[in-house]
Every structure is written in structure tokens, then in C-alpha cells.
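Subject: Structure for you to look at

Hello,

Here is the structure I promised to pass on. Please open it and keep it beside you while you read the notes below.

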Amino acid sequence: MTILSNIDTVNNEPPPRKVTFMKAASVLRRLLAGTATRATLAVALALLVTAVLILISGKNPLLAYAALLKGAFGSIDRIAFGFNKSTPYILAGLGVALCFRANVINIGAEGQIAVGGIGATAVALSGLALPGLLLMPLALLAGVVCGAAWSGLAAFVSLKRGVHEVLCTLLLNFVGVLLVSEMLHGKLGEPGAGFPQSPLLPRAIWLPKLVAGTDLHIGIVLAVIATVACHILFWRTTFGFRLRIMGASRDAARYVGISSIRQTMRVMLIAGGLAGLAGGVEVLGVHYRLIEGFSAGFGFNAVGVALLASLNPLAVLPAGLFIGFLEAGALAMQREVGVPSSLVFVIQGLTMVFVLCALGLRGERSKV
Amino acid sequence: MLEMRGIKKAYGTVQANRGIDLDVAAGQIVGLLGENGSGKSTLMKLLFGVVSADAGTIRFKDKPLSGHGPAQAMAAGLGMIHQHFTLVEAMSVTENVMLGAPGSSPWLSPRETASRIRQESATYGLDIDPDAMIGDLPHGRRQRVEIVKAILRGADLLILDEPTSNLSPPEVEGLLGIMARLRDQGRAIVFISHKLDEVIAICSEVVVLRDGAVAGTCRVEGATRAGLARMMVGRDMPPPIAREATAAGRNVLHVGQMALTERGVERLAPISFSLRAGEILAIAGIDGNGQTELAECLAGLRLPTAGGIDLDGHDITLASVGERTELGMAYIPVDRATMSLVTGMSVSDNLALRDFDKPPLSRGGYLARSYFAERAREMSQRFAIKASGLDIAARTLSGGNQQKIVLAREIGRHPAVMIAHQPVWGLDPGATHFVIEQILALRAAGGAIIYISSSLEEVMTLGDRIAVMQGGRLSIPIDRDTVDLTQIGLMMAGDDSLIHGAAA
């Protein structure tokens with residue numbers, strides 16, 4: 001609720017006497033009209049402010065940004081890395097965006113990803129005598145189901161016992177992440193490994209590569225498909241229509257006879273499923289095994305991506321790519337210029353702040 | 001002690017106060033009477049500095065008071081007891097009194113404050129324990145804490161905004177006694193109320209507001225309840241909008257002994273009435289006397305805890321909103337901003353709120369956008385909705401055009417029964433006229449209508465039969481030809497004997 005109401009500002013027109021101010025404001029307003037324009041402006045401002053910080057630390061910001069760019073796009077391998085990094089952010093971010101749109105504040109993507117990863121691993125290592133082409137989707141499906149179960153659990157507790165969904169989803173993050181460790185120290189762990197990890201998954205069920213000879217797996221294709229599906233779901237179906245009504249006003253939903261409980265449950269299951277899919281993709285496409293802490297930070301980034309996209313499902317794709325490639329380039333920046341990679345988090349954070357400010361500047365909530 | 005002269009205040013195009021004078025002398029209780037929206041609350045907010053006046057002067061204790069906020073008003077010696085208390089439940093009485101109290105020292109002095117509370121409590125018979133937790137106190141006792149808070153901050157003039165609306169009869173008695181003692185100690189009180197009996201019992205002078213202007217001022221001796229009621233309501237009724245005399249048809253809605261109890265509080269006492277096709281049942285009453293609960297029980301937003309509702313032979317007591325809509329129930333709630341409209345959604349989406357999940361607006365869960373647009377075009381023409389486009393957000397439309405969207409959606413599907421709760425609230429005269437016309441057209445077409453309003457004028461203009469709602473009870477509906485305006489006014493103002501009499 002709080003996050004949404006922050007975006008929400010009262011549509012107060014300035015008093016008519018200051019005509020020049022009005023003109024300037026309307027020009028500025030038109031400049032900021034498009035979501036894309038506003039996001040770009042926010043990114044530019046964030047880069048500008050971060051440049052000052054880099055200057056203060058005694059490094060050349062231009063060199064740093066050049067290294068960042070090169071790190072992100074410098075070679076086919078780098079680009080593949082960026083896409084792979086973006087994929088879970090896009091998948092989980094889509095679910096978060098849908099939830100936020102319905103005014104259900106789900107910040108449990110991290111736990112849902114973790115549990116999704118467990119599900120996918122469990123199926124992958126189950127030793128089922130199935131061809132890889134069948135077992136792989138089955139493992140991903142297990143990820144979806146487990147992620148959905150995790151978010152469904154949060155929704156159930158929240159709806160049944162009246163615990164705020166922020167608390168439920170947040171607290172289940174810790175449980176989900178620790179559940180991965182528990183599994184790796186037990187059933188799913190690799191005996192004799194020095195690190196809490198599962199055995200390597202059979203090669204036949206690794207996600208196929210999109211471009212031969214690179215690490216780029218088909219996860220990004222799944223992310224694109226999911227984005228389009230969520231866009232259609234939100235804007236073109238009765239389910240999305242109900243979500244939009246409910247997100248805009250619970251009273252209106254009550255008036256029309258929409259069951260907030262059922263809608264909340266459904267949107268949470270969808271979000272958890274998407275996050276669980278992200279967990280499965282990480283396991284089958286990047287690590288080829290379950291590793292302790294593989295989901296660290298993903299939940300936060302999913303929220304960031306959703307907000308950066310101003311909760312517009314279609315915009316989650318570029319927002320996720322932005323965050324993914326930014327992180328991909330960060331290490332290169334640190335290596336080559338000596339700027340700490342943590343500055344990338346500063347850029348991320350500032351971008352979100354500026355995006356939220358730009359949303360406020362428009363003087364009204366984004367259309368639902 | 002207080003002189004207010006020529007106070008004017010407009011909210012947008014609505015003139016809430018149009019040149020009001022008010023005088024209050026020390027040791028006097030002045031009653032401020034008026035219907036909802038007559039400008040009482042605005043006037044008091046201006047006095048207390050919550051909002052600022054467009055024109056007019058205020059003098060308090062021979063000093064001008066202007067451009068002040070609540071803090072300055074309190075410092076000058078004004079105290080306001082709001083309808084909704086400003087107390088922290090998890091704190092004690094003493095702590096609440098100290099909270100935000102002006103003082104030069106940064107240190108709190110709980111012991112001294114507690115002893116002062118005891119002292120004032122004894123003086124005015126407030127019976128307050130300074131160590132009690134607010135959360136443990138009943139409503140009436142909390143009100144007394146608010147009073148002692150105001151007194152300890154040096155309030156010489158107390159504004160009580162409908163202080164008796166949530167009190168039980170013995171608590172009202174107690175409050176009136178406290179007010180009398182405050183008056184005898186030389187303090188002045190402005191007493192805002194709808195309830196004529198209380199006003200007559202305690203006030204020395206009554207100021208009646210109507211439509212943002214003073215409708216009359218009189219000494220309380222010699223004033224009669226009937227006279228005050230008429231002054232409050234307005235003597236002359238405007239010429240009614242032409243309405244055809246249609247013979248009412250068969251019964252379409254029957255409500256039998258419907259009651260609602262929520263969390264142990266009785267919201268609706270058993271209510272029974274029938275409604276015929278082509279008939280308007282107008283329900284008068286001051287806001288907050290169960291009208292919303294009644295409307296929501298009928299519309300399916302709340303489920304009654306006893307009794308039944310029958311719509312055209314179907315028992316809909318426990319039916320969902322969707323099932324009721326299918327059977328021809330329509331509902332215009334009072335709140336446009338958050339309930340009957342989703343202001344962030346487009347005009348065409350808002351027109352589809354009721355049936356977006358049925359063909360032809362959607363098939364297999366997939367929305368048919370072209371049909372949304374087509375129907376929106378047709379509806380906006382039929383109901384003269386002025387919008388620069390049908391894809392723009394409903395919030396950008398004027399209040400009148402927003403209400404036309406609701407009308408188009410609710411009346412456009414020819415409902416058998418429509419519940420309209422204050423449908424012209426906040427609308428300008430033109431839009432009001434349009435809404436009334438549409439409701440009368442629905443009546444002429446054989447629709448049964450329940451029209452709920454706190455404006456007696458609307459109720460008298462529209463109702464074929466008129467009933468009054470008070471304290472969660474509904475009087476027996478009276479035919480418009482035999483209705484007595486004064487009697488209705490008295491019933492609205494809480495004259496129990498008449499409601500009992502009517503219901504017996």
C-alpha cells in the first residue's frame with residue numbers, strides 16, 4: 001500500500017495567476033509525459049549524480065562508464081552474461097508488478113525464487129527415467145509450482161489471519177532461503193563437497209543455449225514470452241480488469257462484487273509461479289546445480305525492476321535488462337578503473353528514486 | 001466574546017459560507033443548527049483556523065483573529081471538540097493531556113498535570129481518573145477527556161461539533177450538565193447539533209444555517225421545535241420538477257424484518273417495507289443513521305444478519321452482487337471518488353464495470369475492446385457525457401459528468417430496482433436537474449427506486465412515499481399527499497416518539 005500511495009499524488013493544479021510558471025511546468029510535464037522518456041531521464045540523472053561521486057573518489061567517471069559499457073556489451077560473452085543476469089529479474093519483476101498493481105505488496109520474490117529452485121532441482125535429480133527434453137520442462141514446472149506454493153502460503157496466512165502481506169512475504173523469504181541450505185545439507189546436498197551445493201545436474205536437462213558457443217540460455221526467451229503474456233493478462237483479460245479495479249480502489253471492487261480474497265490469492269500465485277520459474281531457470285541455465293544463496297538480492301531487484309517499469313508489465317522487460325546489464329558491467333568497471341562495483345548499486349538506487357520522483361512530477365497516478 | 005462578521009468561504013464552485021454573522025457572549029451557549037452541508041462545520045473550521053476564510057472578520061476577546069492556525073486559535077483561548085477524538089488510545093489520560101500541550105519547559109510534569117485534571121474534573125463533575133488508559137474508556141468518557149484537555153489549555157470558548165451523536169441518553173444528560181457548569185463558570189460554548197431537543201434544553205440562543213447563510217437567529221425561550229425544524233429545512237419548497245402521475249405497479253421488492261448487527265453493534269433495527277414498480281420511496285434522514293448500511297444490505301455489499309429480501313420472487317437475502325445485478329438491481333452509492341467509479345480508469349472502462357465479464361464485452365475471459373468503445377460512444381451520447389475522449393481517465397471529468405457515467409451504467413440497463421444514495425451530492429444545479437430527470441424517467445418506465453437523501457427538498461420533490469431513517473430504524477413510509485413537512489423534520493432531528501408512533 002505504502003509504495004503505491006507514494007506514487008499517488010493529489011492532482012492539484014497550481015493557481016492560475018503564475019502564467020509563466022504554468023507554461024514552464026506544462027512544457028516540463030509534456031517532456032516527462034511518456035514512461036520511457038521519464039525512465040531515460042531518471043537513468044541519465046542517476047548516472048550524472050554517480051559521476052560526481054566517482055569524481056570525488058578521485059577516478060575519472062567517463063573512463064568508469066566506458067568500462068561499465070564495455071563490461072556489459074564488450075563481447076558476445078559479455079552480452080550473453082547480461083541477458084542471463086536480467087532473466088530472473090524480469091520474471092520475478094513481472095509478478096511483483098502485477099501484485100503491486102492490485103495493491104498487494106508482495107516483497108517475497110526472493111523466497112519464492114529460492115523455493116522454486118529447490119523444486120526444479122528436486123525433479124532434476126529425481127532420477128526419473130524421462131528424456132531430457134521432457135524432464136527439463138517438468139523441472140521448470142516444479143519450480144513454478146513450488147514458487148506459487150510459497151507465495152500462496154504467504155497469501156493464505158495474510159488473508160486468513162489478517163497478517164499484513166508485507167510481513168508474510170518478507171518473513172517467508174528468510175524461511176525459503178534457509179530451506180535451500182537445509183536441503184543442501186540434507187537430501188539434495190552433494191556428499192563430500194566443500195560447499196553447500198547439490199550434485200551437478202545431468203547435462204541433458206540443462207537449458208539449451210540460444211547462441212551456440214556462448215552461455216546465453218533460452219531463459220531470456222521465456223522472459224520475453226512471460227512479459228507479453230503478463231501484458232495481455234493485465235490489459236486484455238477480465239482477470240486483469242478485476243486486478244485494475246481492485247488495485248485502484250478496494251471499495252470499487254466491493255461495489256462491483258469482486259472478491260478481493262480470490263483476486264489476491266490468484267495474483268499472488270501468479271507472482272510466485274513467475275518467481276519460482278526464475279529460480280528454476282537459474283538452476284537449470286546458469287549454475288546447473290542448486291547452490292546456497294543463489295537467490296541473494298534477487299527479491300530486492302525484482303521490486304526495483306517493477307518500480308522502474310512504473311508497474312507496467314511491458315516495461316518490466318527493458319527495466320530488467322537495464323538492471324541486469326548494469327550489474328554485468330559493474331565487475332568490469334571495478335577491475336579496470338578501480339571504482340568499487342558497489343557504486344552500481346548507487347546508480348540503481350538513484351535511478352529508482354528519480355523514476356519515482358518523475359512519476360510524482362506528472363501530478364497524477366499512472367493510468368489503470 | 002466572539003464576533004464573526006460577513007464570513008465567506010467557497011470550495012471550488014460551492015459557496016459553503018455566504019456572509020455569516022455569529023455572536024457569542026461569555027457565559028452563553030449558542031446552538032448552531034442546520035442540515036448537512038448548510039455550512040456549520042465550515043464556519044467552525046474557519047473559526048478554529050483549520051481553513052482560512054475568503055472574506056469576513058473574526059474578533060475574539062476584543063482582539064482580531066485572522067490568518068491563524070489551530071495552534072494560534074488554541075493560544076487565543078478557543079477549544080474545539082471534534083466528532084472524532086484526537087486521543088492516543090495506548091496512553092493514559094494525563095499523557096494525552098500533556099501531548100502537544102504548549103509549554104515553555106521541555107520537561108513534562110505528569111504529577112502536576114494529573115492534579116490539575118483532578119481539580120477540573122471535580123469542578124465540572126467530569127469524573128475522570130487521570131491514570132486511566134484511553135483505550136479502556138467508553139466513548140462518553142473520552143469526550144470528557146477532550147473537554148478537560150481544552151480547559152487545561154485555557155479554552156474560554158468551546159466548540160462542540162455534534163457532541164451527542166454517538167452518546168447514549170444518560171451520557172447526553174451528563175454532557176448537558178457539564179456544559180451548564182462550564183457556562184456558569186463564565187465560559188462560552190458553540191453547540192453544533194441536529195437535535196432540536198438538546199438545543200432547546202441547553203442553549204440560550206439558536207442560530208440556524210441553511211445553504212451557507214443564516215436562516216434565522218432566535219432566543220430559545222419561545223422557540224418551538226416545529227418552528228426551528230421549519231427554519232432549518234426552509235419554508236418555501238421550490239416548484240417540483242414535472243412528474244407524471246403513474247399508477248404504481250406490482251410489488252417488486254419486499255424487505256422483511258431485515259436487520260444488521262456488526263461486531264455486536266446494531267446497525268439496522270429490523271426494517272420492513274415493500275416497493276412497487278414505477279414508485280419512488282424516498283428515505284430522509286441525517287447522514288450516518290444507517291442509510292449506508294441499508295443501501296449496502298440491499299445492494300449485496302453487506303449481508304443482513306436477520307430477515308430477508310425478496311426481489312421479484314427471488315430470495316436475494318444472501319445473493320452476491322453479481323446475482324443481484326443479473327436480477328435487475330442497480331446501486332448508485334454516495335461516494336463517487338472511490339466506489340461507483342474507478343477514477344484512474346478510462347470512461348469506457350468505467351461504463352463496463354458491471355458487465356465486463358459477460359458477453360459481448362468479453363468472451364472466454366478475453367476483453368472485446370472494440371465493443372467497449374462502441375458501447376461507450378453510444379452511452380455517452382444517450383446520457384450527454386461530456387469528455388474530451390472516452391479513453392481518458394474518469395478523474396479528469398467534472399463531478400456532473402462523472403455521475404453521468406454512473407447513471408449511464410446503472411440506469412442504462414433498465415434495472416427493476418435502483419437504490420440511489422445522495423445521487424446529486426456535490427453536483428451543480430444543471431447536473432442535479434439531469435440526474436433527477438433520469439431518475440424520474442426510470443420511474444416512468446416502471447423502475448422501482450429507493451432514493452436516500454439528507455435533503456428534505458429532494459425527498460419531498462421525488463418521493464411517492466416518504467420514510468425517515470433515524471438511529472438505524474426506518475419509519476413507516478407515508479404517502480406524499482398526506483405527509484407533514486414539520487413532522488418529517490422532527491423525525492429527522494431524532495424525535496423518537498414519532499418514529500415509534502409510525503412504526504407501531
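Which residue in E8(B) is the bridge partner of B:Leu33? It is B:Ser193. Keep in mind that this is a predicted model.

**The sheet in chain B**

That bridge partner belongs to a wider pairing. Strand E3 (residues 29–33) and strand E8 (residues 188–193) of chain B pair in the parallel sense, over 5 bridges. In general, strands of a sheet pair through backbone hydrogen bonds, either parallel or antiparallel.

Now take in the whole sheet. In chain B, 6 strands form an open sheet, and the order is E6-E7-E8-E3-E9-E10. The pairing is mixed. Strand E6 (78–81) and strand E10 (213–219) of chain B stand at the edges. Each has a single partner strand, so one side of each is left without a neighbour in the sheet. On average, neighbouring strands of this sheet are turned by 20° against each other, direction ignored.

**Helices on the sheet**

Helix H5 (residues 139–152) of chain B packs on the sheet. H5 touches E6 and strand E7 (157–161) of chain B. The direction of H5 makes about 170° with that of E6(B).

Helix H8 (residues 225–233) of chain B lies across E3, strand E9 (205–210) and E10 of chain B. H8 runs at about 30° to E9(B).

**One residue in H5**

Find B:Lys149 in helix H5 of chain B. Is B:Lys149 buried or exposed? Count the other C-beta atoms within 10 Å: there are 24. Leaving aside its neighbours within four places in sequence, B:Lys149 is in contact with B:Asn96 and B:Val97. The C-alpha atoms of B:Lys149 and B:Val347 are separated by 49 Å, and these residues are 198 apart along the chain.

**Two helices in chain A**

Move to helix H12 (residues 260–287) of chain A. H12(A) has 28 residues, and at 1.5 Å a residue they should span 40 Å. Its end C-alpha atoms are 39 Å apart, which agrees. H12(A) is mostly covered, with 20 of its 28 residues buried. Just after H12(A), A:Tyr288 takes a positive phi of about 60°.

Helix H10 (residues 238–248) of chain A crosses H12(A) at roughly 115°, and their axes come within 11 Å. H10(A) and H12(A) are therefore roughly perpendicular to each other. Their crossing is left-handed. Where they meet, H10(A) brings A:Arg242, A:Leu243 and A:Met246, and H12(A) brings A:Ser260, A:Gln263 and A:Val267.

Best wishes

Methods:
Residues are numbered from 1 along each chain as its sequence is written. Chains are lettered from A and ligands numbered from 1 in the order in which they are written. This is a predicted model: local features need pLDDT of at least 70, side-chain atom pairs count only at pLDDT 80 or more; totals for chains, interfaces and linings use all residues. Two strands pair if DSSP finds at least two bridges between them. Helices (H or I, at least four residues) and strands (E, at least two) are DSSP runs, numbered from the N terminus. Axes are lines fitted to C-alpha atoms, for helices over the stretch in contact, and angles run from 0 to 180 degrees between N-to-C directions. Two residues are in contact if their C-beta atoms, placed from the backbone, lie within 7 Å. The expected span of a helix is 1.5 Å times one less than its number of residues. A residue is buried if 20 or more other C-beta atoms lie within 10 Å of its own, exposed if 12 or fewer, and partly exposed in between; C-beta atoms are placed from the backbone. Angles under 35 degrees count as roughly parallel, over 145 as roughly antiparallel, 65 to 115 as roughly perpendicular and the rest as oblique. A crossing is left-handed if the near helix is turned anticlockwise from the far one by less than a right angle, and right-handed if clockwise.
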